[in-house]
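Here are a few notes to read alongside the structure. Could you keep it open while you go through them?

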Amino acid sequence: MRMLFSIGAMLVAGVLAGGDVAGIAAPGPKFETSKFEPFKPDPLKHRPQRLAADRDAQTVDVELILAVDVSYSMDMDELAIQREGYAQAIQSKEFLQALKLGPNGRIAVTYFEWAASSDQKIIIPWRLVDGPETADAVAAEIMKTPIRRASRTSISGAINFAMPLFDEDPYRGLRRVIDISGDGPNNNGGPVTAARDAALEKGIVINGLPIMVKEPSYSTMDIDNLDYYYEDCVIGGPGSFVISIKDREKFKEAIRTKLLMEVAGRTPERPVVRVADKEPRVNCMIGEKIWSDRWGR
């Protein structure tokens, strides 16, 4: 199923959750005027309220992991556009408007790049984004890191690397999302479906951004219908979706649209429905097969 999304459809009017959460200050000490021992306030009396306020201050609308492919099948121009796309999307007025529509008005985000099953590099550790200043800071961090390329494509390795990152996040989200972008199928590490299913068991949603701006080539191990592969083999969880990039000129727009949907917690009008007893349209081991046929291992 192929799905098209527009930015305009995303920004539906919403109502912000009322009121800011603030810490509750402990009251000043009170004393009784008598000849007996002065009154001593109970230090635990207001502890539940303070703890609740602290928990609320740590709550975000979504914990979002951006997992970005930097394998050699991506050319340097694509990698540069990809970096700029994420940085500009986070700074965009549409993104900041979607951020305000959430019940907490803030998200936690981390950004890492991946290639082989043992090759993942965190570019942005967990950061809170709650407005223009923090969004600008995250965008600047993304852009200042030198662009790199690496061998192999392990979507399963990216998912397995991403899952424990949620445990390291100091914030707690109402949703947990892994956002995978890439231009080819899994050809290294464990089966992608095993990694996907492990994430789904933890209540994690996986969305996909298949990059299909070039004609499939044997030399770069591309496949036809990469969007079908992502729908059937990679993504999963309530409201999961795929946004395909088939036009280089639409690269940045697609990234922005995807982030808007994830931040706003929106689901497609026609969500991907996977039926357990049906065969996927694409062989989920196709990348491993191509690699084996080509290199004999």
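**Aromatic pairs and a covered strand**

1. By the ring-centre rule, the count comes to 4 aromatic pairs. Bear in mind that this is a predicted model. One of the pairs is W126 with F166, a tilted arrangement with 6.1 Å centre to centre and 40 degrees between the planes. W126 belongs to strand β4 (residues 120-129) and F166 to helix α7 (residues 165-168), so this contact ties together parts that are 40 residues apart in sequence. As for burial, W126 is buried, and F166 is too.

2. Then have a look at Y229 and Y230. What is the geometry of this pair? The ring centres are 6.3 Å apart and the planes sit at 65 degrees, so the pair is edge-to-face; the cut-off for that label is over 60 degrees. Y229 has 0% relative accessibility and therefore counts as buried. Y230 also comes out at 0% relative accessibility, so Y230 is buried as well.

3. Two arginines are worth a click. R152 puts its charged end over the ring of W291, 3.5 Å from the ring centre. R281 lies over the face of Y228, and here the distance to the ring centre is 4.2 Å.

4. W291 brings us to helix α11, which spans residues 286-295. Which residues of α11 are buried? They are G287, E288, I290 and W291. Looking down the axis of α11, the buried residues fall within an arc of 160 degrees, so they line one face of the helix.

5. Now for strand β2 (residues 63-69), where 7 of the 7 residues are buried. In a regular strand, side chains alternate between the two faces of the sheet. In β2 both faces are covered: E63, I65, A67 and D69 are buried on one side, and L64, L66 and V68 are buried on the other.

6. What does β2 pair with? One partner is strand β3 (residues 107-114), in the parallel sense, over 7 bridges. Strand β6 (residues 176-182) also runs parallel to β2, and 6 bridges join the two. E63 is a handy place to check both pairings: E63 stands opposite A108 in β3, while in β6 the bridge partner of E63 is R176.

How values were computed:
Residues are numbered from 1 along each chain as its sequence is written. This is a predicted model: local features need pLDDT of at least 70, side-chain atom pairs count only at pLDDT 80 or more; totals for chains, interfaces and linings use all residues. Side-chain values use heavy atoms; hydrogens and water are left out. Buried means under 20% relative accessible area, exposed over 50%, partly exposed in between (1.4 Å probe, protein chains only). Helices (H or I, at least four residues) and strands (E, at least two) are DSSP runs, numbered from the N terminus. Two strands pair if DSSP finds at least two bridges between them. The arc is that of the directions from the helix axis to the C-beta atoms. Rings of Phe, Tyr and Trp (its six-membered ring) pair if their centres lie within 6.5 Å; planes under 30 degrees apart count as stacked, over 60 as edge-to-face and the rest as tilted. A charge sits over a ring if NZ of Lys or CZ of Arg is within 6 Å of the ring centre and within 35 degrees of the ring normal.
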